[in-house]
Amino acid sequence: MTGNDSRLLADLRDFLAPGRSDRLGVAVSGGSDSTALLCLLADLRRTGGPDLAAVTVDHGLRPEAAGEARSVAALCARLGVSHTICRWDGWDGTGNLPDQARRARQKLIAGWASGLGIGAVALAHTRDDQAETVLLRLARGSGVDGLSGMAPRRHALGIDWLRPLLQASREELRDVLVRRGVGWSEDPTNADDSYDRVKARKALAVLAPLGLDAAGLAGTAAHMARARAALDMATADLARSACRIEAGDVIIARPAFEAAPEEIRLRLLSHAVRWVTAAEYRPRFAPLSEALEAMGRGSRRTLAGAVLSAGPRAIRVTREYRAVVGLTAAPGAVWDRRWRILGPAPEGAEVRALGPVGLGMLENPRGSGLPHATLIASPALWSGARLVAAPVAGSGDSWHAEPVFDATSFIPAIFAH
């Protein structure tokens, strides 16, 4: 084993040490980076590292992909690592292919890991990937959060996603494979200039003589990540002092909110919207900034599926009725990614938004004390046109509206990236 391999293994061991599990998943596409990660983790296993299980996702987009997945399976067999191939058939030829493929890959891997009882999956993103990410986000005008790049650790879809190679270069990892005589697959899209990431990779090669190279941009990401952590802490402090949860809404005390710096107010408002809507992404900056100004004037705005209304003493962030008006779910199933209605369901009943019509059917529509916007966007049980229960509104004694979200998660979720 060379000195470089020993350093990479030591870095891996240090990265995995905090809260190390006995079994680790590793995503292997067959490219050089993930193949090297697989080999290094297999080495680490022999010296007391975690047991391994590997997964490859075949997106079904290239005829060579199936053969590449089989090559990964063969390598795993030689290394004594269990291997699974998951296939995605969801591409319909429309929309953003890289984004859809990424989402599908994450869901498939998360489902695979959950089925095996694996709580963490290692990904092979490198320092070069980090630099390309920062450059692309810089081109989009990103702020501190975007320029902090990819996080070494994050929790999503019920598992921990680990990036233990963010300090390693792609060239170092290819050297690992060359020394071992292990081959890898080359994805032709990595040379396709129609992809922004390929353009960024080529731009970095041009900018390197100016000092704008992968190491420098990865260093910038690390600096920004520290700044982001400090801003998150300040946002959480404001949330503790200014926020409370009611019926799935976030209520923010205006005096404390307006005394905070603008950046912290923007962050808290963005987080409240994302939490209320269970959205994957935060609102875009321009409409978020406009909404913040409107709140200062005591106005009302809709933003990314939420209603923001500013009263004399508080700002209330509520789910927008128009965002849920067409959503249905079976009783007991999750509705709007936020609620589950439990109780004795009549045959054929379904969960829909209460809406203005349902609100008008209640004996005492104001009895709950909740605002109109909150009530009409709340889940209700319907049997055809008949309202069976509206638990959030206090109608239906034998029914219970159980939030999928937990009010105690509001502040910890600030730190989840």
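**Labels and the values behind them**

Mentor: Let's start in the loop between S12 and S13, where Asp336 lies. Keep in mind that this is a predicted model.

Trainee: What is the phi of Asp336?

Mentor: Positive, about 60°, even though Asp336 is not a glycine.

Trainee: And how do you know whether Asp336 counts as buried or exposed?

Mentor: Its relative accessibility is 8%. Buried means under 20%, so Asp336 counts as buried.

Trainee: What makes S12 and S13 a pair?

Mentor: Two strands pair if there are at least two bridges between them. S12 and S13, the latter covering residues 339–342, have two bridges, in the antiparallel sense, so they qualify. Trp335 stands opposite Trp339 in S13.

Trainee: Which strands form the sheet, and in what order?

Mentor: Three strands, in the order S12-S13-S17, form an open sheet with antiparallel pairing.

Trainee: Why are some of them called edge strands?

Mentor: S12 (334–335) and S17 (400–403) each pair on one side only, and they are the edge strands. As for what holds such pairs, strands of a sheet pair through backbone hydrogen bonds, either parallel or antiparallel.

Trainee: On to helices. How do you know that the length of H11 agrees with what a helix should span?

Mentor: H11 runs over residues 262–277, which is 16 residues. At 1.5 Å a residue it should span 22 Å, and its end C-alpha atoms are 23 Å apart, so the two agree.

Trainee: What makes H11 "largely enclosed"?

Mentor: Of its 16 residues, 12 are buried, so the rest of the structure largely encloses H11. Among the buried ones are Ile264, Leu266, His271, Trp275 and Thr277. Arg267 and Ser270 are on that list too.

Trainee: What follows H11?

Mentor: Ala278, with a positive phi near 55°. Just after H7 you'll find Gly181, which takes a positive phi of about 70°.

Trainee: Which residues of H7 are buried?

Mentor: H7 covers residues 170–180, and its buried residues are Arg170, Glu172, Leu173, Val176 and Leu177. Two of those names come back with Ser32, which is in contact with Arg170 and Leu177, as well as Arg174, Trp184 and Ser185, leaving aside neighbours within four places in sequence.

Trainee: Where is Ser32 found, then?

Mentor: In H2, which spans residues 32–46. Ser32 has a relative accessible area of 5%, so it is buried.

Trainee: What makes Ser32 and Arg174 a polar contact?

Mentor: Their side chains are joined at 2.9 Å.

Trainee: Why is Trp112 called buried?

Mentor: Its relative accessibility is 9%, and the limit is under 20%, so it counts as buried. Trp112 is found in H4 (residues 97–116). Leaving out residues up to four places away in sequence, it touches several others, including Val26, Ala54, Cys86 and Ile118.

Trainee: How do you know that Cys39 is in no disulfide?

Mentor: A disulfide needs cysteine sulfur atoms within 2.5 Å. For Cys39 the nearest cysteine sulfur is that of Cys76, 8.9 Å away, so there is no disulfide there. By this rule the count comes to zero disulfides.

Trainee: Are Cys39 and Cys243 buried or exposed?

Mentor: Cys39 is buried, with a relative accessible area of 2%. Cys243 is buried as well, at 17%.

Trainee: How many helices and strands does the chain come to?

Mentor: There are 15 helices and 17 strands. The C-alpha atoms fill a box of roughly 75 × 50 × 40 Å along the principal axes. Of the 417 residues, 45% count as buried. The chain exposes about 19,800 Å², and carbon and sulfur atoms supply 54% of that.

Trainee: And what share of the contacts joins residues at least 24 apart in sequence?

Mentor: That share is 68%, taken among contacts between residues at least 6 apart.

Note on methods
Residues numbered from 1 in each chain as written. Predicted model: local features only at pLDDT ≥ 70, side-chain atom pairs only at ≥ 80, totals over all residues. Heavy atoms only, no water. Helix = DSSP H or I, 4+ residues; strand = E, 2+ residues; numbered from the N terminus. Expected span 1.5 Å × (residues − 1). Buried < 20%, exposed > 50% of the residue type's maximum accessible area, 1.4 Å probe, protein only. Contact = heavy atoms within 4.5 Å. Areas by Shrake-Rupley, 256 points an atom, 1.4 Å probe, with all protein chains shown as cover. Polar contact = N/O pair within 3.5 Å; in protein donor to acceptor, adjacent residues only side chain to side chain.
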